[in-house]
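Please examine the sequence and the structure shown below. A series of questions and answers then takes the reader through selected features.

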Amino acid sequence: MALRRAVLSLMLLSGLRADTEEKEVQAMVGSNIKLRCIHPKEKSFDLNELHVYWQISVTGTPESVTYYLSGNSSVGHDNNQYKDRAKMSLDRMKQGDFSLSLYNITPQDEQKFNCLVFRNLDKILDIVVTLHVAANYSMPVVITPASTAQDEELTFTCMSTDGYPKPNVYWINKTDNSLLDEALQNSTVSLNARGLYDVVSVLKIRRIPNVNVGCCIENVLLHQNLTVSSQTAEPNGTNAGIMGNRDSTPGEGPGSPHVEKTVALPAVLIVMLVAVALVVAWKCRSRCPRWNYAGAQCSRPELELTDHV
């Protein structure tokens, strides 16, 4: 291994012909990707004249991912992390394709991969491929602990897991889609055992009736926003519960027409109203001459039940 590093150092010092080319690619966690390193002109190479290296930089020190040395019949590995996941094809190398196939991408693979190809100590190819790794966050879940009318604050907790890279977290006032002040929220992002990020965000706001807020988890690399709404309704000053839906149900969301609900009248009040109506009808009938009766001449007052007492 020390000899290979010495040979590589000598090649780097002596082979200054090829300019460095840089590329960027993106891969999802768990997927496979090919990091392209292809000679732009020549299509036929003698493997006995070639030295090929794929390496990464670890704390500033180049570390081999995989390599091929002239005279060898196979590709070698020094890094156990890539021993079974990084491969080059000897047949394609003969045709000028020195690409690296990388399998089962992990967050730790977010690196700059350097492809170096030497022919008889002359550097003929130098390509740096920056690999960006991404993973979808789970759909956020918003929960609210039970509260009473005496509580001065409402607390909402938003959770999402297994994403990459670190997310941006926003809380939204769904009545006008404005962003809530970041000072009202406290977000914690942590790495889990898979090397992915979990996020928990807690929002505390002053208690008001009919609160409708949304939690948004943004993955900038994937141009992805995941938003879940949470609405509280407080008829008669009590907490009626939380609805956690991605979209407001028609007729229930903010801005929808308000539908009054009929309030049932107490039984005692109904009895009193009926008694008053009967007395009025009896008095009216007693004042009307019997010989000229042609139906009810005094209209019975209609009892109109409205939405409000």
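Predicted model: local features only at pLDDT ≥ 70, side-chain atom pairs only at ≥ 80, totals over all residues.

Q: How many disulfides does the structure hold?
A: A disulfide is a covalent bond between the sulfur atoms of two cysteines. One such link joins C37 to C115, and another joins C158 to C215. The number of disulfides in the structure is two.

Q: How many residues apart in sequence are the parts that C37 and C115 tie together?
A: The sulfur atoms of C37 and C115 are joined at 2.0 Å. C37 belongs to the loop between β2 (33–35) and β3 (50–58), whereas C115 belongs to strand β7 (residues 112–119).

Q: Which strand holds C215, the partner of C158?
A: C158 and C215 form a disulfide with an S to S distance of 2.0 Å. C158 lies in strand β10 (residues 153–163), so its bond to C215 ties together parts 57 residues apart in sequence. The strand that holds C215, residues 212–219, is β15.

Q: Why is the disulfide of C158 and C215 described by its particular handedness?
A: The handedness follows from the torsion about the S-S bond of C158 and C215. This torsion is about -80°, and the disulfide is therefore left-handed.

Q: Is C215 buried or exposed?
A: A residue counts as buried when its relative accessible area is under 20%. C158 has a value of 1% and is therefore buried. C215 has a relative accessible area of 0%, so C215 is likewise buried.

Q: Which cysteine has the sulfur nearest to that of C216?
A: C216 is in no disulfide. C216 is buried, with a relative accessible area of 7%. The nearest cysteine sulfur is 7.4 Å away, and it belongs to C215.

Q: How many salt bridges does the structure hold?
A: Among them is the pair of R92 and D97, and another is formed by D126 with K123. R194 also forms a salt bridge, with D162 as its partner. The number of salt bridges in the structure is five.

Q: How far apart are the closest N and O atoms of R92 and D97?
A: R92 counts as partly exposed at 28% relative accessibility, whereas D97 is buried at 16%. The two residues form a salt bridge, and their closest N and O atoms are apart by 3.8 Å.

Q: What is the distance between the closest N and O atoms of D126 and K123?
A: D126 and K123 are both buried. A salt bridge links the two residues, with the closest N and O atoms at a distance of 3.3 Å.

Terms used:
Residues numbered from 1 in each chain as written. Heavy atoms only, no water. Disulfide = S-S within 2.5 Å. Helix = DSSP H or I, 4+ residues; strand = E, 2+ residues; numbered from the N terminus. Buried < 20%, exposed > 50% of the residue type's maximum accessible area, 1.4 Å probe, protein only. Salt bridge = Lys/Arg side-chain N within 4 Å of Asp/Glu carboxyl O.
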